[in-house]
Amino acid sequence: MTETRTNVRTEHTANPGASRARRARRLGVVGAAVVVTEAAFFVLRDGAGIDLAARNGGTVTQVGPVAVAVTAVLAALAAWGLLALLERFTTRARLIWTVVAVGAFGISLLGPAGGVDPAARLGLAVLHLVPAVVLVVGLPWAARTAARTAAR
């Protein structure tokens with residue numbers, strides 16, 4: 001197992017250009033996740049007229065653009081951090097990360113279940129789905145693309 005760790009670390013430190021490119025692309029994916037999620041928020045709220053509100057106990061909480069952006073940023077950075085950590089310690093990082101990310105998305109759908117009505121539940125579920133798709137597709141892609149570019 002020590003040998004695997006050494007090989008994985010070597011992959012990250014052997015080519016600093018690939019590491020920089022990977023970070024830049026992943027930062028772009030984080031930004032894309034936030035922008036696309038904000039766009040979905042405004043389409044749902046302003047375009048479709050959905051009241052994006054959730055009931056928590058006896059109180060109703062309106063979901064606003066700042067909360068959406070902050071949540072998307074935190075989720076994206078956590079996803080990136082976990083993927084980077086797994087890449088450092090295992091050769092099956094993308095597979096493990098994808099399973100964990102899809103599981104986390106599934107669990108996150110418990111939140112939209114508290115929507116005040118069916119439209120709110122659907123809208124809130126979309127606000128969970130959009131960044132999940134961008135991150136699950138984009139973060140692993142960023143590493144593969146950076147590695148291919150650096151190899152040229």
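**Reading a nonpolar patch and a pocket**

Tutor: Helices α3 and α4 each supply at least two residues of the nonpolar patch. Helices (H or I, at least four residues) and strands (E, at least two) are DSSP runs, numbered from the N terminus. It's a predicted model, with pLDDT of at least 70 needed for local features and 80 or more for side-chain atom pairs, while totals for chains, interfaces and linings use all residues. Numbering runs from 1 along each chain as its sequence is written, and side-chain values use heavy atoms, without hydrogens or water.

Student: Which residues form the nonpolar patch on the surface?

Tutor: Patch members have over 30% relative accessible area and no salt bridge, with nonpolar side chains joined within 5 Å and like charges within 9 Å. (Salt bridge: Lys or Arg side-chain nitrogen within 4 Å of an Asp or Glu carboxyl oxygen.) Here they're Leu82, Leu85, Phe89, Ile96 and Val100, together giving about 380 Å² of accessible area (Shrake-Rupley, 1.4 Å probe). The largest share, three residues, comes from α3.

Student: Why does Leu85 count as partly exposed?

Tutor: Leu85, in helix α3, has 48% relative accessibility, so it lands between the cut-offs: buried is under 20%, exposed over 50%.

Student: What volume does the largest pocket have?

Tutor: A pocket is an open set of 1 Å grid points where a 1.4 Å probe fits, with protein on both sides within 12 Å along at least five of seven lines; lining residues have an atom within 4 Å of a point. The largest has about 710 Å³, the space filled by probe spheres on the points. Of its 29 lining residues, Thr71, Ala75, Ser108, Leu127 and His128 are closest to the centre. α3 gives the most to this lining, eight residues.

Conventions: Buried means under 20% relative accessible area, exposed over 50%, partly exposed in between (1.4 Å probe, protein chains only).
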